[in-house]
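My notes are kept in the order of looking.

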Amino acid sequence: DYPRYSAKPDVAILDNATAWQTATDIITVYLQVARENEAGVIADHDTEFLHDYRVALRKVRSVLSLFKGVYPEEQTAEFKRIASELMCPTGRLRDLDVYLLARDDYFAMLPPSLHKGLSLMFEMFRKERRTAHRALASHLGSTGYRTTITDLQAVFAATDGPRKGPMADAPVGDYARQLIWKRYRKVCRIAREITADTPDEQVHELRIGCKKLRYLMEFFAPLYPAAAVKPILKPLKRLQDNLGLFNDYSVQQTFLQAFMTSHQPLGHKQDLVLAQSIGALIAVLHEPQKEE
């Protein structure tokens, strides 16, 4: 019964468009994508509704961060604050979804003798997920949330739109090239410092830099022939997959260590079984992280 929508809609860019018009159009479109996922998140049909909701809001934040000078600084800061507040309540539920979706992979990593502890852990995750989902569904249905996101949409959909910054009237073609080239050089600077001993946080910084570079290239893709853009995006996507897996393994180890020390006690015997399984899983996750 839900209308069809695209999680990655094409946003048309006119040849004579300004940076302000392009940024405003992209934000308008992705705020609508977020809204179109609300009902699916509340009904809990599929974890992809929450994923697409978060990606849409992340792209809104990226436009606000990357399109420098398009809006006045104080207004940009306010928009970013609102977007971050909209994202914040979704984090824990998404984390739990990711672990529950990886359940079979975790069981395959450990011998059957350690599966009992994993079963205990995933049962705790399921219980917490039910609570987290109820809280998020209540939040998305609240008057405060609906007022906030509707008001934000209204600002960008208005005829006069948000106020203009110093770069608002820059021709979008020149502006796009400058943004992409600047972000590319920043990614290269970070990448040159990566060694076998680089801390995980610095590798994560490279991953975020690549994500922002890809967002820019996708936002501005309509300005260029598809045949020119696709060969450049392909290796970037491959690198992002590599960095994404590296980060996932790192985050999972940190998450499991925190879970082991902070979970509600189950009783000495069950706590021992749980600790053995989680400890083994952390050790196993370190190996594929090294490979990445």
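Entry 1, ground rules. I am working with a predicted model, in which local features need pLDDT of at least 70 and side-chain atom pairs count only at pLDDT 80 or more, while totals for chains, interfaces and linings use all residues. Residues are numbered from 1 along each chain as its sequence is written, and side-chain values use heavy atoms, with hydrogens and water left out.

I looked up the secondary structure and got 11 helices and zero strands. Helices (H or I, at least four residues) and strands (E, at least two) are DSSP runs numbered from the N terminus. The C-alpha trace spans about 70 × 50 × 35 Å along its principal axes. Of the 292 residues, 44% count as buried; buried means under 20% relative accessible area, exposed over 50%, and partly exposed in between, with a 1.4 Å probe and protein chains only. I then took the contacts (heavy atoms within 4.5 Å). Among those with a separation of 6 or more, 78% come from residues 24 or more positions apart.

Helix H3 (residues 73-87) packs on helix H7 (residues 143-157) at an angle of about 140°, and the axes are 11 Å apart. I note the pair as oblique, because angles under 35 degrees count as roughly parallel, over 145 as roughly antiparallel, 65 to 115 as roughly perpendicular and the rest as oblique. Axes are lines fitted to C-alpha atoms, for helices over the stretch in contact, and angles run from 0 to 180 degrees between N-to-C directions. On H3 the contact uses Phe79, Ile82 and Leu86; on H7 the residues include Tyr145, Ile149 and Phe156. By class I get eight nonpolar, one polar and no charged residues. Ala, Val, Leu, Ile, Met, Phe, Trp, Tyr, Cys and Pro count as nonpolar, Asp, Glu, Lys and Arg as charged, and the others, Gly among them, as polar.

The axes of helix H1 (residues 19-43) and helix H6 (residues 115-140) come within 9 Å and cross at roughly 145°. Glu38, Val41 and Ile42 of H1 meet His133, Leu136, Ala137 and Leu140 of H6. The classes are five nonpolar, one polar and one charged.

How many disulfides does the structure hold? I found zero, with a disulfide taken as a pair of cysteine sulfur atoms within 2.5 Å. The sulfur of Cys210 has its closest cysteine sulfur in Cys188, 8.8 Å away and too far for a bond. Cys210 is buried at a relative accessible area of 0%, whereas Cys88 is exposed at 62%.
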